[in-house]
Amino acid sequence: QVQLVESGGGLVQAGGSLRLSCAASGRTFSSRTMGWFRQAPGKVREFVAAISWSAGITYYADSVKGRFTISRDNTKNTVYLQMNSLLPEDTAVYYCGYAPGAGGGVWIYSSYGTYDYWGQGTQVTVSS
């Protein structure tokens, strides 16, 4: 079992920044990919970004490229999502996911079903 705990959400004005954190614990392995997804009210959960744990290969949704940065800290077993130039349409609950393995490419890690474990989510609200 893997436990994921997100933090760092909040209310911010458009153009502002937030950094989300996701701390992993339990039976984690270095061969993994961790991702961020988000879900706005009435919408499906959508891919935001992912990172392969060992190699640090990153993947991004087109809507966040150039604004968001995913990174990880191996010593803390934590993945981060730095969000800059936030827009009102970025408002959503953000979820962290854990997928075993790596190297599958963006088509694999942008898929919700690839992830075996999820955190409880953290709310991000961007006001206009």
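1. Let's start with Trp118, which is partly exposed at a relative accessible area of 22%. On this scale, buried means under 20% relative accessible area, exposed means over 50%, and partly exposed is in between (1.4 Å probe, protein chains only). Bear in mind that this is a predicted model, where local features need pLDDT of at least 70 and side-chain atom pairs count only at pLDDT 80 or more, while totals for chains, interfaces and linings use all residues. Residues are numbered from 1 along each chain as its sequence is written, and side-chain values use heavy atoms, with hydrogens and water left out.

2. How many aromatic pairs turn up in a search of the whole structure? There are eight. One of them is Phe37 with Trp118: the ring centres are 5.2 Å apart and the planes stand at 85°, so this pair is edge-to-face. Phe37 belongs to strand β4 (residues 32–39) and Trp118 to strand β10 (residues 117–118), so the pair links distant parts of the chain, 81 residues apart. For the cut-offs, rings of Phe, Tyr and Trp (its six-membered ring) pair if their centres lie within 6.5 Å; planes under 30 degrees apart are stacked, over 60 edge-to-face, and the rest tilted. Strands are DSSP runs of E with at least two residues, numbered from the N terminus.

3. Is Phe37 buried or exposed? Phe37 is buried, with a relative accessible area of 1%. Both rings belong to one aromatic cluster, made up of Phe37, Phe47, Tyr112, Tyr115 and Trp118.

4. Two strands pair if DSSP finds at least two bridges between them.

5. Strand β8 (residues 78–83) is largely enclosed by the rest of the structure, because five of its six residues are buried. Strand β3 (residues 18–26) pairs with β8 over six bridges, and Leu20 stands opposite Leu81 there. Six bridges also join β7 (residues 68–73) to β8, with Phe68 partnering Met83.

Notes. Helices (H or I, at least four residues) and strands (E, at least two) are DSSP runs, numbered from the N terminus.
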